[in-house]
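Hi everyone, thanks for coming.

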Amino acid sequence: AVDHTTAIPTHNTHMEEDAEAEPQSYAWESELQRTWDAVEETADGSLRSAAAGSWRPGEKPSVQVGVRRGVMRAVLLVLDCSRHAAEHDVEMKPSRLSVMCDAASDFAGRFFEQNPVSTLAVLVTRREKAEALTQLSCNVRQHQQALRALAASDDGCGGDASLQNALELARDTLSSVASFVSREVLLLSSSLTTCDPGDLLASLSSIAASRVRCSVISLLAEVYICRRIARETGGEYGVALSQPHLRELLLRLLPPRPVCQDKLAPTNSLVKVGFPSRVPPGGAPALTYSAGSSRPEVRADGGFACPQCGVLHAELPTECPVCALKLLSATDLSKTYHHLFPLPLFKQQLGPPAALCFGCGEALPAAARNAAPATHGFTCGACGAAFCEHCDALLHESLHACPSCEGP
C-alpha cells in the first residue's frame with residue numbers, strides 16, 4: 001500500500017512565503033492618517049478636537065517686565081541678491097529671490113505696525129558690491145514697491161555676495177543716526193560664500209564697536225562667518241527650513257530687542273517730537289513732503305503741518321526735512337507702550353470653568369468625560385475675568401490690554 005499522505009504537495013506553504021515576499025507599498029501610497037484631528041467628547045455632548053490647545057506652549061515667550069528696550073530703531077534690511085538667489089530650490093519656490101522679497105515685504109509692513117517710531121532701509125549685495133535700494137524712512141509703501149520691483153526685474157541677481165561691503169555700507173548708513181537710536185542690521189543670506197576686497201574680521205570689529213546689532217537668517221545652511229557676525233554683535237542667527245519657517249524667524253525680530261547694559265548700549269536722551277495738526281483738503285495748493293522724500297510736491301489734498309516750521313507733510317510718522325523734527329501722532333506713540341509694559345500672561349483655569357468668556361461671550365469649553373484635568377480658560381491676574389483661548393491670544397498678540405480692567 002502506498003501512503004498517499006506523503007504525496008500531498010505543500011502549495012499552501014509556498015503561497016504563504018510568496019505573499020510574505022511581495023513588496024510592501026510605499027509610505028506615500030498609503031492612506032493619510034490625520035491623527036491630529038482626533039476629537040473628544042465634552043461634558044455637554046459636543047465634540048472638540050483633542051489637539052486644540054493654547055498658543056502658549058513652546059510658541060509664546062515669557063513676558064519680561066522691567067527690561068530696557070530700544071523702541072526707536074534704525075533697521076537695515078540686507079538682501080543677498082547673488083547668483084545663488086536666482087537658483088531654484090525645492091523648499092523656496094519659485095526662487096530664493098522671490099521668497100526673500102515676499103518675506104521682506106511682509107516684514108516691512110508688520111515692522112511699522114509694531115514700531116511706528118522707527119525707520120527702515122533696504123540694501124542689496126550682488127556682483128561683489130553693496131548698494132542701497134531705499135533710504136532710511138518710515139514710508140512702508142516705498143520699501144514694498146522697491147522689493148516688488150526687485151523681484152520682477154530680470155537682472156536683479158548676479159555675481160557673488162560681499163559681506164564686507166554690506167557691513168561697511170551699513171556702518172556708514174547708520175553713522176548719522178542719533179546715539180539714542182538702536183542700530184540694527186538684518187541680513188537674508190542665500191549663498192554659502194562671500195567675495196570681499198579686504199579683511200572681513202576687521203570690518204566685523206568696526207561694526208561691533210559702532211553699536212550695531214547684526215542678525216542673519218540663512219536660506220541654505222549654517223555658515224560659520226555668519227554665525228560669528230551675529231554672535232559678536234549680539235544679534236540672532238537662524239537657518240530657514242521652509243517659507244513658513246522663514247516668516248516665523250522674521251516675526252521673532254519684530255519686537256524691540258532688550259538693550260545690553262554695557263558701554264555699547266544706546267545712550268539715554270530726551271527726544272524732541274512734534275504732534276502736527278491736520279490741515280483739511282480743499283484749500284490752496286501747497287508744497288507737501290511725502291515720507292522718505294526730500295523733494296516736495298504741489299498738492300491740494302491737505303496734510304499735516306509741522307508745529308515748528310509749518311511745512312506740510314502727506315503722512316505720519318515722518319521726519320521733517322526742513323527742521324529735522326520727528327513728527328508723530330498720539331496713536332503712534334501709544335503703540336510703543338506695550339513693549340515697555342507688556343500684558344502679563346493670564347493664569348490657566350483648571351477648576352470649574354466660568355459660564356461665559358468675558359471677551360466674546362461664548363461658553364468656555366468643559367472637560368472631556370473620563371479625561372485628565374484640562375485647561376478650561378484663562379483668567380486675568382488683576383481682575384479675575386475669564387477668557388477663552390482665542391480671546392487670550394488676541395489680547396496678548398494684538399490688543400495688549402485686558403478689556404475688563406483696562407490695564408496691562
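Predicted model: local features only at pLDDT ≥ 70, side-chain atom pairs only at ≥ 80, totals over all residues.

Is Arg96 buried or exposed? Arg96 counts as buried, because its relative accessibility is 6% and the cut-off for buried is under 20%.

Now have a look at Arg171. Arg171 makes a salt bridge with Asp172, with 3.8 Å between the closest N and O atoms. Both ends of this one are partly exposed: Arg171 has a relative accessible area of 23%, and Asp172 has 47%. Coming back to our opening pair, salt bridges that share partners join Glu87, Asp89 and Arg96 into one network.

One more pair, and then we move on. The side chains of Glu131 and Arg126 meet in a salt bridge, at 2.9 Å from N to O. Here Arg126 counts as buried at 13% relative accessibility, while Glu131 counts as partly exposed at 37%. And how many salt bridges does the count come to? The count is 15 salt bridges.

**Two helices side by side**

Next, please find helix α2, residues 96-114, and helix α7, residues 243-251. These two pack at an angle of about 30 degrees, and their axes are 10 Å apart. The crossing of α2 and α7 is right-handed. Which residues make the contact? From α2 we have Val99, Asp102, Ala103, Asp106, Phe107 and Arg110, and from α7 come Gln243, Leu246, Arg247, Leu250 and Leu251. Sorted by class, this contact has six nonpolar, one polar and four charged residues.

Strand β16, residues 326-327, runs parallel to β9, and two bridges join them. If you zoom in, you'll see Gly274 opposite Leu327 in β16.

Last stop: where is Arg211 found? Arg211 is in the loop between α5 (200-209) and β7 (212-218). At 25% relative accessibility, Arg211 counts as partly exposed. Arg211 and Glu184 are 27 residues apart in sequence, and their C-alpha atoms are 8.6 Å apart in space.

Key:
Residues numbered from 1 in each chain as written. Heavy atoms only, no water. Axes fitted to C-alpha atoms, helices over the stretch in contact; angles between N-to-C directions. Helix = DSSP H or I, 4+ residues; strand = E, 2+ residues; numbered from the N terminus. Left-handed = near helix turned anticlockwise from the far one by under 90°. Contact = heavy atoms within 4.5 Å. Nonpolar A, V, L, I, M, F, W, Y, C, P; charged D, E, K, R; others polar. Pairing = 2+ DSSP bridges. Buried < 20%, exposed > 50% of the residue type's maximum accessible area, 1.4 Å probe, protein only. Salt bridge = Lys/Arg side-chain N within 4 Å of Asp/Glu carboxyl O.
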